[in-house]
Amino acid sequence: MRRHPALRDALIAAIALVVLLLIPAFHRSPAFEDYVIRVSAMALFATSLNLLVGGAGMVSFGHGMFYGLGAYAFALLMQMTDLSLPVAALAAIAITAVGALLVGAVCIRLGTIYFAFVTLAMQMLFFSIIISWQSLTGGDQGLRGGIPRRELFGFELGSQLHLYQFCAVVMVLGLLAMRHIAASPFGATLRMIRDNETRAGFLGVVLWRARLTAFVLAGAFAGLGGVLAALFVSGAYPELADWPNSGQAIFAVMLGGIDTFLGPLVGTMILLALNDIVTRVTEYHGLVLGLVILAFALGLRRGLLDFLRLRRKGAKA
Amino acid sequence: MRTRKIGRRTLLATGTAGMLAAPWVAGAQAKTLRIGMQSILSGPIALLGTSSRNALQMEAERINAAGGFLGRPIEFVYRDSKGQPQEAARVARELVNSTGCELLIDAEASSGSFAVQEVVRDLGVACIHTNSETSSLTADPKIRVPTAFRVARQGVHDAIAGSTYLAKFATDKKISKWATCSPDYAYGRDTTAQYLEFFKRAKPDIEVVTQAWPKLGQADLTEVITKLIQAKPQALFTLLYAGDLSAFVNQGNVYALFSQMTVASPNFDYPVLTAIKNLPTGIQSATRYLETFPDNPGNKAWGEAYRKKFNEYPTNWSWQNTVAMQFYEAAVKKANSLDGKALAAALTGMKINTPFGVDGTITMRDDHTTINYAIGWGQTVPKPPYITDVKPADWGRIVELETEWKKEQHYI
Amino acid sequence: MDLDALGNCFASSACVVTQTTSGLIVGMLLFLVAAGLTLIFGVLKIVNFAHGTFYMLGGYVAFSTLALTDSYTLAVVAAAAAMALFGVLFERLLIARVYGSNVLMQLLICYAVVLIFDDVVKIVWGPDFHAMGMPPAFQVAPLFIAGGVVPPFYAVLIGISAVIAIVLGLGLALTRIGKTVRAAAQNPSMVSALGVNTTLLFALVFAVGGALAGLAGALAAPVRSLSPGMGFSILIESFIVTVIGGMGSIAGALVAALVIGLLRGFGTIGFPMFTDGLTYVAMILILVTRPHGLFGREVA
C-alpha cells in the first residue's frame with residue numbers, strides 16, 4: 001500500500017462513496033440528504049481554496065467569486081440552452097477556469113497581504129457586476145424560475161434522492177482529483193514555493209506559471225462546487241459570490257486544518273452542522289458561532305485534523 | 001498541568017464529533033400543529049423577522065384561545081435564514097421534512113422568497129409569503145406555484161397608487177421637475193422605473209432632472225445629497241428605506257435639503273418615523289402601516305395591543321403576517337384539511353373580513369396575491385400620528401392598470 | 001454612464017466646488033476610521049478585521065451616553081475612551097495569543113469578535129436601527145464658501161480629522177514614543193532587547209486604534225444610522241483606503257481616503273450606477289501598478 005498512495009486514496013474514496021450511497025437504502029432522512037448535498041458543494045469549494053492556502057501559501061479572500069461564477073454560468077447555460085447537464089457543467093467549469101486565469105494573471109505577483117486584498121476587491125467587483133447586470137443575472141434577486149432538471153442517465157435531479165446520489169459521486173470524484181493534484185510532482189513544487197520561493201526559483205521553477213496554474217485549477221474546482229450549489233437552490237443568487245461565502249470557506253479550511261488534505265472537508269462538516277444546530281436553538285447564532293470559533297482558535301491553535309495529527313505524532317515520539 | 005491542558009483540548013476535539021451526529025435526531029410528532037416560519041432574524045434588517053414574529057405570536061395566542069386549527073393547538077417554529085437564499089431553501093425543506101411543520105409562513109425578503117418558492121414547488125405544502133413585495137413572485141405564471149400564496153403589498157400596486165397620488169399632487173402644486181434617489185439594486189431600480197412609467201402616463205409633462213443611485217446600506221450619502229441639490233428639482237422621489245432613509249433625512253437636514261424641494265417616498269413607516277429626531281413636516285408618504293389608517297376600531301385596537309405587548313410600534317410586516325394567519329384560519333375551516341391542494345382551492349378567490357383592508361375586507365385573487373389592502377398617501381408631521389390627511393388609493397384604478405401591465409409583461 | 005453630465009459638471013464651477021467639498025467630507029470621515037486600522041497594521045502587522053466593530057460600538061456608546069447625559073461632547077469622549085479600553089482588552093485577551101501566526105488565524109479571531117458583538121449590540125440595543133439626531137449646537141444653516149455649500153457640522157468633522165492626521169503624523173515622526181513605535185514596527189525583538197516594554201507598547205497601539213475608531217463612530221452617529229452589523233461596510237471601505245494608501249502609512253491613508261472621496265463625488269455624476277465598482281477598479285489598478293499601494297513599503 002505504501003508504494004501506491006494513489007491506489008490507497010482511490011480505495012478510501014470508493015469505500016466512502018459506497019457508504020454514502022448505501023445510507024438511504026437503510027434510512028431515508030431528508031435533512032441528512034440535504035446536509036450531504038450542501039457539504040458536497042461547500043467541501044469542493046473549501047478544498048479547492050486549500051489547494052491555494054495550504055498547498056501554495058496563497059491566501060485568497062475572494063475565492064467565492066469562482067464558486068458564484070460556476071453557479072451562474074451553469075444555471076444560465078441550463079436555462080438558456082438545451083445542453084445536457086454534464087456538458088453544461090463542464091462548460092461552466094471551463095468558463096470559471098477562464099475567469100480564474102484572467103483574475104490570476106492580475107493577482108499572482110502580489111505579496112501575501114496584497115494578494116489577499118486584491119482577490120477580495122476582484123470578488124467585490126464581480127459581485128457588483130452581478131448586481132448591476134440585471135438583464136442577465138436578475139440582479140440582487142438572483143436567477144429565478146428554477147433550473148430545468150434534465151434527466152441524466154436515468155437520474156432525475158428534481159428528486160432529492162437522485163440529487164443526493166449525484167452530489168455524493170461528484171464530491172468524491174472531485175476530492176479524489178484534487179488529492180491527486182496535491183500529491184503530484186506539481187503539488188510538491190507548489191509546496192516548495194510556499195516554503196521557500198527563492199530556492200524554488202534557483203531550482204528552475206517558473207514561479208508565476210506554477211502559481212497561475214494552481215489558481216486556475218483551484219478556481220475550476222470551486223466552480224464545480226458552485227454547480228452543485230446551483231442545483232441545490234435551483235437557481236443562482238449573488239450571495240453565492242459574496243464575501244461572507246468566501247469567509248465561510250476560509251473558516252471551514254481553518255477549522256478543519258490546512259495541512260491535512262481532508263481538513264477542509266471536516267471543517268465544512270463542522271461548520272454546516274454547527275450552523276444547522278445553532279440556528280434551530282437561537283437567533284443569536286452569531287454569538288454562539290463566534291464563541292465556538294474562539295474556543296477553536298485559542299484552544300487548538302490550529303485546525304482539528306492538524307491538531308489530531310500532531311497529537312498522534314507527539315504520542316508516537 | 002500539562003496533561004490537563006491536553007485533556008481539555010482533546011475533549012474539545014472529540015466533542016465536535018458528537019455534535020456532527022446531532023442534527024438528524026428525529027423530533028417527536030405531537031398533536032400540536034406546527035407551522036414553520038422563516039425570515040431574517042439577524043443582521044441589519046432583523047426587524048423584518050422580529051416584527052413578523054411578534055405579530056404571529058399574537059395570532060397564535062388568539063387562534064389557540066379560539067380552539068386552534070381543526071381542534072389542534074398551533075405552534076410556530078421560527079427559523080433564521082440570515083437573508084441567504086441557499087439557507088432559505090434549506091430551512092424551508094428542514095421545517096417540512098424534519099421538523100414536521102404542516103403549514104409554512106415564508107416571511108423572507110424578496111430573494112429568499114424565490115428560493116422558498118422553488119422548495120414549495122417540490123414539496124407541495126401550503127405556503128404563504130408574507131413579506132416579498134416583488135410582483136413577479138405571483139404575477140409571472142412561470143414562477144407561480146399551485147400551493148404558494150402572497151399576503152403582502154406588492155410593487156406594482158404601490159407604484160400605481162403612488163404615482164396616481166403624486167400626479168395629482170404635482171398638478172395641484174404645479175411641480176414638473178423631479179429628481180429620484182433610490183438604492184442601487186433590483187428593488188430600487190425596477191420600482192423607480194415603474195413609478196416613473198405610471199407617473200408619466202398620468203402626467204406626461206413631468207421632467208426627471210437627475211437620478212441618484214446610492215448603494216444599499218451606504219453610510220455616507222453626502223455626494224448624493226449635494227448632487228440632488230445642485231440639479232435644483234422641485235421635488236424628489238426616493239425609495240430609500242429603513243436605516244438608509246433615516247440617514248438620508250439626517251444628512252439631508254445638514255444641507256437643508258427639505259427646505260429646497262418637496263420630498264415624496266412610499267417608505268416612511270413607523271420605524272423610520274419614530275427613529276428620526278428632527279422629522280421634517282410635509283414629506284409626502286405612503287402608509288405602509290398606520291394605526292390611524294384605515295381609520296377603524298379594529299386596526300387601532302390591534303396597533304395598541306401590539307405596542308403594549310412589545311413596547312414598539314408594529315411594522316408593515318406585522319400586519320401582513322397577521323392577515324396571512326387570518327387567511328389560513330378561514331381556509332383551514334373551509335377546506336377542513338391541511339393538505340396543500342385542498343387549502344389552495346379554499347384560498348383561491350377567498351375574501352375575508354379584516355381591519356387592514358381598505359373597506360374592511362381583503363381578497364385573495366385567483367393569481368395567488370392579495371388586493372384591497374390599505375394603501376394611502378398623506379403627509380408627515382413630527383409627532384404621532386406621524387402621517388396625516390391620508391387619502392386612500394382607488395383599487396378599481398389599481399387593478400385596471402395592473403392588468404394592462406401584466407399584459408405588457410406577457411404574464412396574461 | 002452619463003459622461004455628458006460629468007462634462008457639464010466640470011464646466012460649472014459651482015458643481016466642481018460642491019462635489020469636491022462633498023468628496024473631501026466623505027474622504028475625511030473615511031480617513032478617521034482607516035487611520036486606526038493602518039496604524040495597527042504598521043506597528044503590529046496585524047490586520048484588524050474587527051475594526052468595523054470598534055466603530056459600531058463607538059457609535060452605540062455615544063448614542064447611549066447622549067441619551068443619558070444630553071451632552072454630545074461627553075458622548076464623543078466616552079465613545080473614544082470606551083473603545084480605547086476595548087482595544088486594549090481585545091489585544092491582551094485575544095490578539096496577543098496569535099502574534100506571529102498565520103494571517104488567517106488573526107482573521108478567524110477577529111471574525112469571531114465581529115459575530116459576537118453584532119449579536120451583543122442586538123441584545124443590548126435591539127434589532128432595529130437607531131438615529132442619534134443632530135446635537136442642537138449644530139442645527140444651524142449651512143455656510144457658503146466659494147459657491148460651495150459647507151455645513152458647520154462637517155466643517156468641525158474635517159477639522160478634527162485634519163488635527164488627527166497632523167498629530168498622528170508628527171507624533172510618530174518626532175516624539176519619543178512615536179520613534180519607539182516606528183522602531184518596534186521595524187524590529188520588535190530588538191526594541192524589546194533594548195529594554196522597551198513591548199507588551200505595553202502594543203497595548204498602547206491598540207488603545208489608540210480603538211479610540212480613533214470609537215471617535216469616528218461617535219462623530220458619524222448624528223448623521224448616520226446605527227444598526228447591528230453596520231461595521232462591515234465601514235470595514236471594507238477602510239480596507240480599500242489602507243490598501244490603496246499602502247498598509248501602515250498614515251499619509252497614504254489620508255491621500256487614498258481623499259482619492260476615494262473625490263472618486264465618489266464625481267462618480268455619482270458620471271457613473272451613477274457604477275460608483276461602487278469604480279472604487280474596486282481604482283483599487284485593482286493602483287495595486288497592479290504599485291503592488292504595495294501608493295505610500296507603502298514592502299511587507300512580508
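**Figure 1. Surroundings of Ser52(B) in the predicted model.** The side chains of Ser52(B) and Asn321(B) are joined by a polar contact of 3.0 Å. The structure shown here and in the other views is a predicted model. Ser52(B) belongs to helix H2 of chain B. With a relative accessibility of 0%, Ser52(B) is classed as buried, because the limit for that class is under 20%. Apart from neighbours within four places in sequence, the residues in contact with Ser52(B) are Met37(B), Leu47(B), Ala107(B), Asn131(B), Trp317(B) and Asn321(B).

**Figure 2. Salt bridge between Glu329(B) and Arg62(B).** The closest N and O atoms of Glu329(B) and Arg62(B) are 3.0 Å apart, and the two residues form a salt bridge. Glu329(B) lies in helix H12 (residues 316–335) of chain B and Arg62(B) in helix H2 of chain B; the pair links distant parts of the chain, 267 residues apart. Arg62(B) has a relative accessible area of 34% and is partly exposed. Helix H2 of chain B is also the helix that holds Ser52(B).

Figure 3. The side chains of Asp367(B) and Arg365(B) meet in a salt bridge, with an N to O distance of 3.0 Å. Asp367(B) is buried at a relative accessible area of 6%, and Arg365(B) also counts as buried, at 15% relative accessibility. Elsewhere, salt bridges that share partners form one network, which takes in Arg38(A), Asp276(A) and Arg280(A) together with Arg79(B), Lys82(B), Glu87(B), Arg90(B) and Glu94(B).

**Figure 4. Salt bridge between Arg211(A) and Glu197(A).** Over all chains the count is 42 salt bridges. One of them joins Arg211(A) to Glu197(A), whose closest N and O atoms are 2.8 Å apart. Arg211(A) is in helix H10 (residues 207–233) of chain A and Glu197(A) is in helix H9 (residues 197–202) of chain A, so the pair ties together parts that are 14 residues apart in sequence. Arg211(A) is buried, with 16% relative accessibility, whereas Glu197(A) is partly exposed at 39%.

**Figure 5. Interface of chain B and chain C.** About 3100 Å² is buried between chain B and chain C, 56% of it on carbon and sulfur atoms. On the chain B side, the most area is lost to chain C by Glu223(B), Val254(B) and Tyr255(B), together 19% of what that side buries. The contact involves 36 residues from chain B and 38 residues from chain C. Two salt bridges cross this interface. Glu223(B) forms a salt bridge with Arg264(C), the closest N and O atoms being 3.2 Å apart. Four helices of chain B, H2 (46–65), H8 (222–230), H9 (242–254) and H10 (270–275), each supply at least two residues of the side that touches chain C. H9(B) gives the most to that side, with seven residues. By class, the chain B side has 15 nonpolar, 14 polar and seven charged residues.

**Figure 6. Helix H6 of chain C.** Helix H6 (residues 152–174) of chain C has 23 residues, which at 1.5 Å a residue should span 33 Å; the end C-alpha atoms are 32 Å apart, in agreement. The buried residues of H6(C) are Pro152(C), Phe153(C), Tyr154(C), Leu157(C), Ser161(C), Ile164(C), Ala165(C), Leu168(C), Gly171(C) and Leu172(C). An α-helix has 3.6 residues a turn, so residues three or four places apart point the same way.

Key: Residues numbered from 1 in each chain as written. Chains lettered and ligands numbered in written order. Predicted model: local features only at pLDDT ≥ 70, side-chain atom pairs only at ≥ 80, totals over all residues. Heavy atoms only, no water. Contact = heavy atoms within 4.5 Å. Buried area = accessible area lost by both parts, 1.4 Å probe. Salt bridge = Lys/Arg side-chain N within 4 Å of Asp/Glu carboxyl O. Nonpolar A, V, L, I, M, F, W, Y, C, P; charged D, E, K, R; others polar. Expected span 1.5 Å × (residues − 1). Buried < 20%, exposed > 50% of the residue type's maximum accessible area, 1.4 Å probe, protein only. Polar contact = N/O pair within 3.5 Å; in protein donor to acceptor, adjacent residues only side chain to side chain.
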